[in-house]
Amino acid sequence: MDPKRIKSIIESAILDSIVDVEGDGTHFQVVVVSSEFVGKGLLEQHQIVYKALGGFMNNIHALSLRTYTPEQWRRMK
């Protein structure tokens, strides 16, 4: 699977998100920043991304996922 395709899928499902995807076709590192994560725990945040990917997860062997609220992302920068 192409990293650009994963980025597009996540951005379409999680509006107003910032998404960065790197990978080799089966192993991916994904960063997602969204206000949708505010007030949610890490597990809930990851579930939102997994839900966005849906059936495409079958084509992904390994996914390293980092999720941030916009405020957390600003503090990191």
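This is a predicted model: local features need pLDDT of at least 70, side-chain atom pairs count only at pLDDT 80 or more; totals for chains, interfaces and linings use all residues.
Strand 2 (residues 27-33) pairs with strand 3 in the parallel sense, over seven bridges. Strands pair if DSSP finds at least two bridges between them. Strands (E, at least two residues) and helices (H or I, at least four) are DSSP runs, numbered from the N terminus.

Residues are numbered from 1 along each chain as its sequence is written, and side-chain values use heavy atoms, without hydrogens and water.

The sheet is open, with three strands in the order 1-2-3 and mixed pairing. Strand 1 (18-23) and strand 3 (62-68) stand at the edges; each has a single partner strand, so one side of each lacks a neighbour in the sheet.

Helix 1 (residues 3-13) lies across strand 1 and strand 2, at about 155 degrees to strand 1. Axes are lines fitted to C-alpha atoms, for helices over the stretch in contact; angles run from 0 to 180 degrees between N-to-C directions.

H46 sits in helix 2 (residues 42-53). H46 is buried at 14% relative accessibility (buried is under 20% relative accessible area, exposed over 50%, partly exposed in between; 1.4 Å probe, protein chains only). Leaving aside residues up to four places away in sequence, H46 touches L65 and T67; contact means heavy atoms within 4.5 Å.
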